[in-house]
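This report describes how the parts of one chain meet and what lies between them.

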Amino acid sequence: MKAFNLLRHSVPKLRGTLFYRSVPEVRPPVLSPTSDPPAVFDGTTRLYMSYTCPFAHRAWITRNVKGLKETIKLVPIDLNNKPAWYKEKVYPDNKVPALEHNGKVIGESIDLVKYIDKNFDGPALLPVDPEKQEFTEELIQYSDTFMKAVYTAWKGADPITEAGSAFDHLETALQKFADGPFFLGESISVADIVYAPFIERFRGYFGNELKYEITSGRPNLAAWVEAMEKIDAYTETKCDIDVFIQLINAHVLGKK
Ligand SMILES: N[C@@H](CCC(=O)N[C@@H](CS)C(=O)NCC(=O)O)C(=O)O
């Protein structure tokens, strides 16, 4: 870790690239009612999450991209069999993600991504440029619409065509700052992290189930995916796409 930090300071131009290449970590086991509960509020900073939840995935990517694996402990919760202490002692909303930090608990993925960015070390993920700040907020707002458009399209007669405008929206957004593959240009930011869990899952579903590559005919989206795939801090958080496909087929589409 020390050598890593040294490098980071001595080669500022490459800071991002180096930071995003993180030391792999063994995923901790998922906690259910029979697991030993964590020593809640003992001063440890904990990210309560789930390996399958795209909202929790946002906070997890943020933690990794900022180089906080040793600072923020992952606590995966079994969403199908949640331990009672989670709702009782940690987060009354009983959802993931939630962050235990300095004696308090913060929820809601977007708030958490911003909170982690502002309150911990590591590369800044929120822009300082007002135009980029405004664009980030626009993208954050659109993320719900994007998500709903795709889920609705899956239920429709022609999901590929029906989801087209949602993917086209991202393709156009990615043209705004021409200096790089990410939403705000050359570096990954909050905007990319907000979308990454969903683009990953949607691309996996369309590719596997509908034999459709969402990046085809969308060169900016293709470049974005390619750039994200180079960030170890992100790729090591990727979900098990078969689990996601099964979930959508069973619970959203009512298929077996
Ligand atoms: N708006 C919340 C949504 C979080 C959310 O819905 N998380 C789901 C899992 S993906 C959850 O914990 N649901 C409660 C449950 O499964 O019992 C956020 O952005 O953090």
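## Contact between the domains

In this predicted model, 19 residues of domain 1 are in contact with 18 residues of domain 2, two residues being in contact if their C-beta atoms, placed from the backbone, lie within 7 Å. On the side of domain 1 that touches domain 2, the elements giving two or more residues are α2 (15-20), α3 (54-65) and α5 (109-119). Helices are DSSP runs (H or I, at least four residues) numbered from the N terminus. The largest share of that side, eight residues, comes from α3.

By class, the side of domain 1 that touches domain 2 has nine nonpolar, six polar and four charged residues. Here Ala, Val, Leu, Ile, Met, Phe, Trp, Tyr, Cys and Pro count as nonpolar, Asp, Glu, Lys and Arg as charged, and the others, Gly among them, as polar.

## Domain layout

The domain assignment, automatic or from a database, gives domain 1 (2-119) and domain 2 (130-252). Their centres, taken over C-alpha atoms, are separated by 22 Å.

## The largest nonpolar core

The largest nonpolar core holds 53 residues, of which Leu47, Tyr48, Met49 and Ala59 touch the most other members. Such a core is a set of buried Ala, Val, Leu, Ile, Met, Phe, Trp, Tyr and Cys residues joined through C-beta atoms within 7 Å; buried means that 20 or more other C-beta atoms lie within 10 Å of a residue's own. Helix α8 (residues 190-209) provides the largest share of this core, 10 residues. Because domain 1 and domain 2 both give residues to this core, it lies between them.

Not counting residues up to four places away in sequence, Tyr48 touches Val75, Ile77, Tyr86, Val90, Tyr91, Val96, Pro97 and Ala98.

## Basis of the values

Residues are numbered from 1 along each chain as its sequence is written. In this predicted model, local features need pLDDT of at least 70 and side-chain atom pairs count only at pLDDT 80 or more, whereas totals for chains, interfaces and linings use all residues.

Definitions and conventions
A residue is buried if 20 or more other C-beta atoms lie within 10 Å of its own, exposed if 12 or fewer, and partly exposed in between; C-beta atoms are placed from the backbone.
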